[in-house]
Amino acid sequence: HGPLMPPPAGHKTLSPVQIAVLKRWIADGAIYEQHWAYIAPKRPVLPAVKNSAWVRNPIDRFILAKLEQNGLKPAPEADRRTLARRLSLDITGLPPAPADVEAFVADKSPNAYEKLVDKFLANPQWGEHRGRYWLDAARFADTNGIHVDNYREMYAYRDWVIRAFNMNMPFDQFTIEQLAGDLLPSPTLDQRIATGFNRCNVTTNEGGVIPEEYAVFYARDRTETTSAVFLGSTLNCTVCHDHKFDPFTQKDFYSMSALFNNTTQPVMDGNIANTPPVIIVPREEDRPRFDAVSADLDAARKAVAARKAAAKADFDPWLSKADPATFAGDVPSEGLKFRAALSEGQGRAVLANLDGKEVHLTAAAEPKWDTGIVAAHAFQWLPGATLEVPEAGDFEKDQSFSYSAWVKTC
């Protein structure tokens, strides 16, 4: 005997009429079995048909058997031009090129249809057409989805999916690289791009959201999406309770969700196109040069760091004794509009241009001064403070300018 249903803890009971219906259902030969999704498939026996000459493959037998059962006959075979159009639309989503149609019409070989299938499968549009179904399931989008729905630069992941379809990537590899490509030993750039699957969730930067709530929301989205597209089953119900009809518990959901909760992606997307963490993805034709330059860049950075460390012993004593006048003489003057010599004062500092005309820096708050290194005093920038130069005028967006300052961060 199994457990009593409904379970006593649920405080629900069946009426005598309902119990009688269940007994009659069993007596009439009701067969109980698991849900079909959890029963291993078995190859069925091919049904018998009357018009066996019409059958070309095992699937045809099932179609024909159903037609004959309903007193119907198969439709006449389509002409070759119609077949070519249907096949092209199905495989690539596009109508066929006229030359391909005419070549198929003229091809009298017994495997002409199979050759046309292979031709369309070799078309790059095969990956675009079939890949878009996957991208829909992966919730791919070019925007963040909510709040201001800002632009999101995700096309590298889209292109990876298209390439995966076109190269007929094995499904186990297709799965591993999307869920954990960055965790593979020495992952390639493409394997890291594949993990964009986990970055397709909607994000927000709305000031009223609760960050802790949305961190859970993001992890939940990734859990539900992964279960739907890779397990072929919804775990949504187990967010709140054990699943009623599938063998999933609430504990199962949050055990899986914990994996997706280990992310360095911030909750707030900043209303920017590329929310960290991000990777630089060069164009396909630029990758060899990009890889070579990247290797050279690493070596150059190591050389700079070594030179800096070696020079520090001489540089620090020199800096402590350096004369400000020496620096002033070394500053390039070509194209210089003005040079600011900040000095302690009543909320402002004198600014002199090359012609000797004085203008002023206006501080939004009383400046704070401290002991300087290359001068007697140094202006200490306060959080939120600004300096304005009214006399400098407005700059147009296409005007170039440069600004320099001696800055010591606290």
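A: Happy to. Phe 174 has a relative accessibility of 6%, so Phe 174 counts as buried. Here buried means under 20% relative accessible area, exposed over 50%, and partly exposed in between, with a 1.4 Å probe and protein chains only.

Q: Before we go on, what kind of model is this, and what pLDDT do local features need?
A: This is a predicted model: local features need pLDDT of at least 70 and side-chain atom pairs count only at pLDDT 80 or more, while totals for chains, interfaces and linings use all residues. Residues are numbered from 1 along each chain as its sequence is written, and side-chain values use heavy atoms, leaving out hydrogens and water.

Q: Thanks. How are the rings of Phe 165 and Phe 174 arranged?
A: Their centres are 5.9 Å apart and their planes are at 85°, so the pair is edge-to-face. Rings of Phe, Tyr and Trp (its six-membered ring) pair if their centres lie within 6.5 Å; planes under 30 degrees apart count as stacked, over 60 as edge-to-face and the rest as tilted.

Q: And is Phe 165 buried or partly exposed?
A: Phe 165 counts as partly exposed, because its relative accessibility is 24%.

Q: How many aromatic pairs are there in the whole structure?
A: A search finds 15. There is also one aromatic cluster formed by Trp 134, Tyr 157, Trp 160, Phe 165, Phe 171, Phe 174, Phe 197 and Phe 230.

Q: What does Trp 134 touch?
A: Not counting residues up to four places away in sequence, Trp 134 touches Tyr 157, Val 161, Phe 165, Phe 174, Gln 178, Phe 197, Val 229 and Phe 230. Contact means heavy atoms within 4.5 Å.

Q: How many residues does the largest nonpolar core have?
A: That core has 18 residues, and those with the most contacts inside it include Trp 134, Phe 140 and Phe 174. A nonpolar core is a set of buried Ala, Val, Leu, Ile, Met, Phe, Trp, Tyr and Cys residues joined through side-chain atoms within 4.5 Å.

Q: Which elements give two or more residues to it?
A: They are α6 (125–137), α7 (155–166), α9 (189–194) and α10 (211–231). The largest share, five residues, comes from α7. Helices (H or I, at least four residues) and strands (E, at least two) are DSSP runs, numbered from the N terminus.

Q: What about α8, which residues are buried there?
A: In helix α8 (residues 171–180) the buried ones are Phe 174, Thr 175, Glu 177 and Gln 178. What covers them includes α6, α7, α9 and α10.

Q: Switching topic: which rings have an arginine over the face?
A: Among them is Phe 104, with Arg 80 at 4.6 Å from the ring centre. Another is Tyr 133, with Arg 132 at 4.5 Å from the ring centre. The test is that NZ of Lys or CZ of Arg is within 6 Å of the ring centre and within 35 degrees of the ring normal.

Q: Last one: what does the pLDDT look like?
A: The protein averages a pLDDT of 85, and 82% of the residues score at least 70. Over residues 344–354 the pLDDT is below 50, though beyond near neighbours in sequence this stretch has 40 contacts in the model. pLDDT is the predictor's confidence in each residue, from 0 to 100. Where pLDDT is low, the predicted coordinates should not be read in detail.
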